[in-house]
Amino acid sequence: MMNINQFEHLLVSELQDIIENIINDHQYLSISAKTRVGSEISAWLEEKFVEYTQEHQYFQDSEACPKGKTKNPWDARTFFSIDSIQEEIWIDFKAIKIEQLDSNPDIGTPNKIIEFILSGNFYLIYIYVYYSSLDSGLKFEKIDNLSCKVYLLKDISSTVRRNPKNQLQVNISASIEYRTRRDFIALLTQKLEESYKRQIEKSQKELELLETKKISLMNANKESESKLRSKLERLD
């Protein structure tokens, strides 16, 4: 009998194999590594993922993000099916330039995973691929002998945080930390609470300074208004 841990491991390993195969079959792309290259690589991967899972043992009804839907909650969606079990899976592709492995990109709003879980689902998966620029396009690269990093959001590094833009943020190279689904919900709500408290503290400090700012503004206006009145009185 398969348990949840084994189910999740199979899900991640199958996705890892698919993306590795896609990249091994397409080492170079003619996409110019300039502005919006990440979104172009993501769009390419979405289409390839659908293509490579047409006759897959486990993945069914894969689809790419609809064109022009920049606010879509997933880059690709598929259904992971084993016998009578079928789980909806959301995939978020991240194309990482090889020089940016220590960056901390936004990885999405926590609202979408909350709504996803409340709708009876759970598995949002991040897939990082790495690339370097070429004169004629780009080349996929490997990190630790792997062409991609695949992990479940629930296993994200505990260094993840919510920023004031309501985006989750984590270092690209942060290690994955296995946890249960319940533990992830506890971590997520903890991180949201910490972020909200930081915002409240910052707002409280600004509020405390507001009266001083008001006095300074009134004094500055009084001085500049007086000068303007004097100049106006000297006109004719």
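I began with the second largest pocket, which holds about 210 Å³ of space. The model is predicted, so I keep in mind that local features need pLDDT of at least 70 and side-chain atom pairs pLDDT 80 or more, while totals for chains, interfaces and linings use all residues. Residues are numbered from 1 along each chain as its sequence is written, and side-chain values use heavy atoms, without hydrogens and water.

A pocket here is an open set of points on a 1 Å grid over the protein atoms alone, where a 1.4 Å probe fits, with protein on both sides within 12 Å along at least five of seven lines, and lining residues have an atom within 4 Å of a point. The lining of this second largest pocket consists of L101, Y130, I143, D144, L146, C148, K149, I172, S173 and I176, and I sorted these residues into seven nonpolar, one polar and two charged.

I then turned to the largest pocket, with about 970 Å³ of space. Its lining has 31 residues, and S39, S42, T70, D75 and K94 are the closest to its centre. The elements giving two or more residues to that lining are α2 (37–52) and β4 (85–97). By class, the lining has eleven nonpolar, ten polar and ten charged residues.

Last, I looked up where α3 meets α4: P110, I113, I114 and I117 in α3 touch F184, L188 and L192 in α4, contact meaning heavy atoms within 4.5 Å. The residues of this contact are seven nonpolar, with no polar and no charged ones.

Methods. Helices (H or I, at least four residues) and strands (E, at least two) are DSSP runs, numbered from the N terminus. Ala, Val, Leu, Ile, Met, Phe, Trp, Tyr, Cys and Pro count as nonpolar, Asp, Glu, Lys and Arg as charged, and the others, Gly among them, as polar. Grid points are joined across faces, edges and corners, and a volume is the space filled by probe spheres set on the points.
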